[in-house]
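The following exercises are meant to be worked with the sequence and the structure in view. Each task is followed by a solution in steps.

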Amino acid sequence: MAQKWVYSFGNGKAEGRAEMRNLLGGKGANLAEMSSLGLPVPPGFTVTTEVCTYYYANKESYPPELKDEVEKALAGVEKIVGASFGDANNPLLVSVRSGARASMPGMMDTVLNLGLNDRTVLGLAKSSGDDRFAWDSYRRFIQMYSNVVLDVGHHYFEEALELKKEDLGVHMDTDLKADDWKSVVAEYKKIVEKRTGKAFPQEPREQLWGAIGAVFGSWMNQRAITYRRLHSIPESWGTAVNVQAMVFGNMGDDCATGVAFTRDPSTGTNLFYGEYLVNAQGEDVVAGIRTPQHLTIEGKKAQKSDAPAMEEVMPEVFKQLAKVRETLEKHYHDMQDIEFTVQRGKLYMLQTRNGKRTAKAALKIAVDMVHEGLIDKKEAVARIVPSSLDQLLHPTLDPKAPRKVIAKGLPASPGAASGKVVFTADEAEKQARAGEKVILVRRETSPEDIGGMHAAEGILTSTGGMTSHAAVVARGMGKPCVAGAGDVRIDANAGTLTVRGVTVKTGEQITLDGGTGEIMLGVVPTVQPELSGDFAELMTWADEVRKLGIRTNAETPADAAQARKFGAEGIGLCRTEHMFFEGDRIVAVRQMILADDEKSRRAALAKIQPMQRQDFVELFEIMAGLPVTIRLLDPPLHEFLPKTAEDMEEVAKDLGVAVKEIEARAHKLHEFNPMLGHRGVRLGISFPEIYEMQARAIFEAVAEVQKKHGKTVIPEIMIPLVATKKELDLMKAVVDQVAAEVSHASGEKLEYMVGTMIELPRAALRAAEIAETAEFFSFGTNDLTQTTFGLSRDDSASFLEKYQQRGIFDHDPFASLDTEGVGELIEIAAERGRKTRKALKLGICGEHGGDPASVFFCHKAGLDYVSCSPYRVPIARLAAAQAALGGPLKTE
């Protein structure tokens, strides 16, 4: 069968379905589905994503059959609407929109009112009975088409319109009469001719193909490329084009256009949530040019708005819309984001898609839908994006802290953020790279600002509503955002933000509360989040299905306690060197390093031992009976020595030695490549007394806690950076010897395990013999990634970006595990190690433990647990559950 390039929908039927989103794009697939559900969808057709792929594969040309297929589909639309394309008396007008398979807000441009020209504008005036509307529609079309297709800047048209309003002495677009718009059209056509050297195209079919080409062309524009990189969307997916009969929300006061969510996208509350504008076109709501009104009376009251709600103004249409809301949720089993238009009192649906939402809303909606019987628990667990939980674990403003609120906008995306004010996206990126925290302040954001929005701590806009670009994108990124703060005057050129006499300049600090919409001067302190009942409930469901254990990386009692609260099942990495940097210990540690012989070294170590023992007692008590993996000293000794001259003098004074001596020791310990130098087990081989002291501290702590609480504690002692079995044998002998001594002295039976970190390719390859001695392996994926790639984590940031842009790496291998190379070493080590020792415990403890994609890999590779920082524990628990269910659901 010949390939089909075009799919039609309308009149209660459709050739496509929701499942065909890869072919029809998200928008096209959902228009087809809504049409089949019998909802009032204006008829149209979708040109498939395969045409986009063909277009780029064949020097930007179309399949030969495409033209006839488009003509046939167009004829179908003409028949349903009862008007014809390009007819001077009763013209059919269409909108042309892009639609990729993943929703890309504001990335692709829309053209409305296509098919208007000097002849059909008269036909539209006649068929609508409204001259002013016809000429207003024509000027909007010229402006959009010229901008999107002919690449003429918006501002040329805006300036011409402003001048016209000044001449007429009016302020509002609505004050212009039909003849005024007519002269604006003439002005606009002159601008086009001047800027492009050609007259504005009059032939409707030329307009249509121009717009289709522009959509495919925009798939490769800079904005789209940046958005795809940030959201890992492959270029090969391509975009579809949707051509649809126009319906008008701007024919008068019985017309309207709006955007709604079937539940509140910020909190998840089961309330109809949305905004509409009377007598307006769709772009006006989303672009945030006019401030919209609420759909429901309840929503109006909640925001203390005076503007009447749709429920009051158009009660009949509102009832229909409420019914559509119910139909869509029952059908899609998820919260929907819908766009609609009311033309002369008749409701039309223009789009539905799974709504973007905050993490808090996602949890509430998933849990509520389980209780409502719409979805089951597994579906609820599969639906939450693990990394989005980050938003919930983040700070909110301290209610007790004083705050100076200077203005209030709309609470568009929750969370609290403070930072220096910047007025451009480029400046935000530049400052953030230099380590500054910034708040991006714009009149309204546009898709070009995406990089700066990503870099900023929070976003503030003075125009636009809860459904504007800034609001939608910020919610998706989990960034706090306050939108539509109408009292705020922004002068980006002067670098000032002014509210009723208060002026904030570039570089001064402000704080935003995206949950209330408040804007405050200076930095307001924050408090840690309390987790909701929904969170706890969903987490229990996740724990029911996951197979992987989740531990935490922690060495302070505070971190360990936090991780326990988040559901950690033990400590997978306790880095003992962190305990060496505390106050008075560092003096003893430095004495040990400067000591010239074993005797003085032991004397210094004897001072550190009781402090280390106390650390372990606290950890063991908090982790009550859960496994604790303790890594013996890993970093090279010079890391504990002072770096600057002043510090050296101070240390010399503390230790009672000459500064020269300290300089000499630091010099002697200096290494050209410390990462591959005298560290890890190599220190233990050179100075066994260090590991001996640490083992003694651990075992004495175990004995103390067991005596006190009568509970067994089983520490897992881990030797870092092992490359050979012999290194491990020598160190295990030291540990066993100390254990025997402590057990004898305390009369306590000590159970413990000795294992190793696998962080060198050689260790992974020789795992079979290392496992003869090691009772567990923990993969230190940070170092294993460095040693596998031969890449220094601290020095590679400068060129990794280039590697990602050129498509050499899909992602930063230090952020998300390289499952092919490093992953294969992990699989080899796991398989060879378990051949020798069936019950070998396997875990990972690098930063990767909290990265969902890496967690999926660990599940597949058959590891026993992953360990990650305390705040990533819930993320890992959820990712592990999704891995057990066969992977995450893509809701987008």
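**Exercise 1.** Determine whether alanine 815 is buried, partly exposed or exposed, and describe its surroundings.

*Solution.* Step 1. In this predicted model, the relative accessible area of alanine 815 is 45%. Step 2. Buried requires a value under 20% and exposed a value over 50%, with partly exposed in between; alanine 815 is therefore partly exposed. Step 3. Step 4. When neighbours within four places in sequence are set aside, its contacts are His848 and Asp851. Step 5. Glycine 850 is 35 residues from alanine 815 in sequence, while their C-alpha atoms lie 9.4 Å apart in space.

**Exercise 2.** Examine the backbone and the accessibility of asparagine 11 and of aspartate 151.

*Solution.* Step 1. Asparagine 11 is not a glycine, yet its phi is positive, at about 60 degrees. Step 2. Asparagine 11 is located in the loop between β1 (6-10) and β2 (13-14). Step 3. Its relative accessibility is 54%, so asparagine 11 counts as exposed, the cut-off being over 50%. Step 4. Aspartate 151, also not a glycine, has a positive phi of about 60 degrees. Step 5. The loop that holds aspartate 151 runs between α5 (131-148) and α6 (154-168). Step 6. With a relative accessible area of 69%, aspartate 151 is exposed.

**Exercise 3.** Which strands stand at the edges of the five-stranded sheet, and why is one side of each left without a neighbour?

*Solution.* Step 1. The strand order is β11-β10-β9-β12-β13, in an open sheet with antiparallel pairing. Step 2. The edge strands are β11 (293-294) and β13 (346-354); each has a single partner strand, so one of its sides has no neighbour in the sheet. Step 3. Within the sheet, β9 (residues 256-261) and β12 (residues 336-343) are joined by six bridges in the antiparallel sense. Step 4. Opposite phenylalanine 261 stands aspartate 337 in β12. Step 5. Helix α13 (residues 315-332) lies across β12 and β13, at about 30 degrees to β13.

**Exercise 4.** Describe how helix α24 packs with helix α28.

*Solution.* Step 1. The axes of α24 (residues 598-622) and α28 (residues 688-709) are 7 Å apart and form an angle of about 35 degrees. Step 2. The crossing is right-handed. Step 3. The contact of α24 with α28 comprises 12 nonpolar, four polar and 11 charged residues.

Methods
Residues numbered from 1 in each chain as written. Predicted model: local features only at pLDDT ≥ 70, side-chain atom pairs only at ≥ 80, totals over all residues. Heavy atoms only, no water. Buried < 20%, exposed > 50% of the residue type's maximum accessible area, 1.4 Å probe, protein only. Contact = heavy atoms within 4.5 Å. Helix = DSSP H or I, 4+ residues; strand = E, 2+ residues; numbered from the N terminus. Axes fitted to C-alpha atoms, helices over the stretch in contact; angles between N-to-C directions. Left-handed = near helix turned anticlockwise from the far one by under 90°. Nonpolar A, V, L, I, M, F, W, Y, C, P; charged D, E, K, R; others polar. Pairing = 2+ DSSP bridges.
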